[in-house]
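Thanks for coming. Please look at the chain on the screen while I talk through its aromatic rings and its core.

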Amino acid sequence: MQVNDWKRIAEREAKRYRENKAFMRGVTDAGAIDSPRYRQKMKWVTAVDCVLAYLKRTDTEKERFFRLCYGIDGTRMRLGEKAMVAMSFDFHVSITTMYRWRSEQASLLVIAAAQTGALCPYGTGQER
């Protein structure tokens with residue numbers, strides 16, 4: 001796998017953040033938190049939470065962009081050209097800067113996912 005593949009996986013899981021949280025609440029309420037699927041979703045939720053905490057500490061604008069871009073707090077934005085242009089006006093930055101932010105945040109997600117064990121890029125894939 002290439003780094004871009006890992007970024008794509010991380011972005012997909014960031015878009016699923018709210019769904020994963022809802023799934024985890026349901027499983028917790030049912031008392032079945034020992035399932036591998038629950039543990040994997042927990043790792044991804046933890047990775048996204050780590051990135052959010054990091055961005056909140058370092059740059060609140062990028063945190064706000066991350067929340068909007070991946071639909072953390074509400075409806076998911078389409079990451080197409082028109083959405084990025086509209087968001088660039090909201091953030092008062094160039095479209096190039098928006099794409100750079102998105103790429104940086106995907107890299108942060110890959111790092112956080114590797115730390116939580118959601119991605120094992122160089123490991124055997126065994127659960128941690």
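**Rings and core**

Trp 101 is buried, at a relative accessible area of 8%; buried means under 20% relative accessible area, with a 1.4 Å probe and protein chains only. This is a predicted model, where local features need pLDDT of at least 70, side-chain atom pairs count only at pLDDT 80 or more, and totals for chains, interfaces and linings use all residues. Residues are numbered from 1 along each chain as its sequence is written, and side-chain values use heavy atoms, leaving out hydrogens and water.

Phe 91 and Trp 101 form an edge-to-face aromatic pair, 5.9 Å centre to centre with 85° between the planes. Rings of Phe, Tyr and Trp (its six-membered ring) pair if their centres lie within 6.5 Å; planes under 30 degrees apart are stacked, over 60 edge-to-face, the rest tilted. Phe 91 lies in helix H5 and Trp 101 in helix H6, so the pair ties together parts 10 residues apart in sequence. Helices here are DSSP runs (H or I, at least four residues), numbered from the N terminus.

Which residues do ring pairs link into a cluster? They are Phe 65, Phe 91 and Trp 101. Phe 65 is buried, with a relative accessible area of 0%.

Now the core. The largest nonpolar core has 31 residues, and Val 48, Phe 65 and Phe 66 have the most contacts inside it. Such a core is a set of buried Ala, Val, Leu, Ile, Met, Phe, Trp, Tyr and Cys residues joined through side-chain atoms within 4.5 Å. H3 gives the largest share of this core, 8 residues.

Notes. Buried means under 20% relative accessible area, exposed over 50%, partly exposed in between (1.4 Å probe, protein chains only). Helices (H or I, at least four residues) and strands (E, at least two) are DSSP runs, numbered from the N terminus.
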